[in-house]
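This briefing goes through selected local features of one model, grouped by topic. Please read it alongside the coordinates.

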Amino acid sequence: MSYIKLLIPIVIALVIFIIPAPEGLTSNAWLYFAIFMGVVVGLILEPVPPALVGLMGVGLCVWFKVGPVGSGAADATIKPAAAMSWGLGGFSDSTIWLIFAAFMIGLGYQKSGLGKRIALLLLRALGKTTLGLGYAIAIADGILAPFIPSNSARSGGTLYPIVSSIPPMLGSTPENEPRKIGSYLVWVSLAATCVTSSMFFTGLAPNLLAMTTAEKSGVEVISWMGWFMAFLPAGIILFVATPFLTYIFYPPTSKGSPEAVEWAREELKKLGPTTLKEWMMLGLAVFALVMWIFGGSFINATAVALTVMIAMVLVGIVTWNDIISNKAAWNVLAWFGSLVTLAGGLKNVGFLEYVGKICEANLQGIDPGTAMIILVVLFYLLHYFFASTTAHVTALLALFITIAAGVNPDPAYVREVTLYLMLSLGVMGILTPYGTGPSPVWFGSGYVSGKDFWKLGFIFGMIYLIATLVICIPWVKYVAHAWL
């Protein structure tokens, strides 16, 4: 079966490439798209580890010299060194290293015992039901979201180390009974952070980039409160519904019990007083949290995370051998680095510009309200082709704003379309295992299989998209426009 799964992506890529390139695309751009689609199918089927799929895709593009800027031209002559430089470019992305450092911080929580203590405290307080734990995690993310623009730092760096400490204590590991409780908690954690990333303007770093991009495109700036009020009803409904929906679509086999609470109470007694290593880890965690909230003007979030990682080694919370032997972290680094590279190549070869021209041509003469929905849906679904929300904003937002202005040049209309495009940035991260910063962290935990991740991503992605359109559009039109 693994050989069949390995052949399917190759066959799909070859079939796409054999089909003549559409008018407006060069053979080089079409070749790149064929390789990219083969990688996407490979990530879904997983005939080999996802990181290897991504590296294979990058390797093919480097061999064929497609992907760098200008390589989509019919007469492109890309030097081998330039192709290789492009192929390795994704590994310099700061978000990738933030994700990597988040795994190491999680290791610090584990080695110090702090993660176990916090997990036991949560179990003691809310462990009577698994659903209650799901809501506890969502609420924790919601409290942090307005203050930490990086959802990688918030979800991957702060919550992941704590949440990942809970399932093993209840006999649920990636290898043994993951569905008992681990899979449920992991999915709730990711889904909740996607919702809060859309709820708050400062809940997702690309939101700030999106607003800057919109302003440069001539769109009037939307205030923090305007953003919050525009998404408020959809945000509340999705925030409250997400743990319950996960309970329905991906139910844990353990529903929780009073025994778990009593067990946690006894385990806390066995742990005894807080140790020096736990206090040091807590101090580093608080330092990171403060810097992620208030230090954005003078220090990058990734620099903070790497500083904490180094400090953990220096004070003896973890050893250097712990760092270099953390296979999950290095695996995610290889996987996500290759996907960032591949996603950027779509723009470099001119494929995204081609898609934009098709949209603009086909939307001429369509009712502006209908066109608005089409643009938001297309903008949302195109996230399947991006390994980061930042790349998505950079490549598509200004293009879609221009298309909206072509449909109806009224500044109020363009601003409204832009608002819905920006509000979708957080929730679209749920679509794929690489859709937003913390996705690789939660996927890399191993509790949710690749097949389940894609299936759940589609289900929740459609629910989030429909809620955004059905609730936000009438709400903004008749109520929230006063805050914009």
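Directly after helix H2, Glu46 adopts a positive phi of about 55 degrees. The model is a predicted one.

**Helix H2**

- Helix H2 runs over residues 27-45, and its 19 residues should span 27 Å at 1.5 Å a residue.
- Of the 19 residues of H2, 16 are buried, so the helix is largely enclosed by the rest of the structure.
- The positive phi of Glu46, about 55 degrees, comes just after this helix.

**Positive phi in loops**

- Lys65 is not a glycine, yet its phi is positive, at about 60 degrees.
- The loop that holds Lys65 lies between helix H3 (50-64) and helix H4 (80-89).
- With a relative accessible area of 31%, Lys65 is partly exposed, because buried would require under 20% and exposed over 50%.
- Glu177, also a residue other than glycine, has a positive phi near 50 degrees.
- Glu177 sits in the loop between helix H9 (166-169) and helix H10 (182-199).
- The relative accessible area of Glu177 is 44%, so this residue counts as partly exposed.

**Contact of H6 with H13**

- Helix H6 (residues 114-126) and helix H13 (residues 258-271) have axes that come within 8 Å and cross at roughly 145 degrees.
- The crossing of H6 and H13 is left-handed.
- On the H6 side, the contact is made by Lys116, Arg117, Leu120, Leu121, Leu123 and Arg124.
- On the H13 side, the contributing residues are Val261, Trp263, Ala264, Arg265, Glu267, Leu268 and Leu271.
- Sorted by class, this contact of H6 with H13 has eight nonpolar and five charged residues, and no polar ones.

- Side chains of opposite charge can pair when their charged atoms come close.
- Arg117 and Glu278 are both buried.
- Arg117 is also one of the H6 residues that make the contact with H13.

- Arg265 and Glu262 are three residues apart in helix H13, so about one helical turn separates them.
- Arg265 is partly exposed, at a relative accessible area of 32%, and Glu262 is partly exposed at 39% relative accessibility.
- Arg265 is also among the H13 residues in the contact with H6.
- Lys269 and Glu266 both lie in H13, with a spacing of three residues, about one turn of the helix.
- Lys269 counts as exposed, at 61% relative accessibility, whereas Glu266 is partly exposed, with a relative accessible area of 32%.

Notes. Residues are numbered from 1 along each chain as its sequence is written. This is a predicted model: local features need pLDDT of at least 70, side-chain atom pairs count only at pLDDT 80 or more; totals for chains, interfaces and linings use all residues. Side-chain values use heavy atoms; hydrogens and water are left out. Axes are lines fitted to C-alpha atoms, for helices over the stretch in contact, and angles run from 0 to 180 degrees between N-to-C directions. Helices (H or I, at least four residues) and strands (E, at least two) are DSSP runs, numbered from the N terminus. A crossing is left-handed if the near helix is turned anticlockwise from the far one by less than a right angle, and right-handed if clockwise. Contact means heavy atoms within 4.5 Å. Ala, Val, Leu, Ile, Met, Phe, Trp, Tyr, Cys and Pro count as nonpolar, Asp, Glu, Lys and Arg as charged, and the others, Gly among them, as polar. Buried means under 20% relative accessible area, exposed over 50%, partly exposed in between (1.4 Å probe, protein chains only). The expected span of a helix is 1.5 Å times one less than its number of residues.
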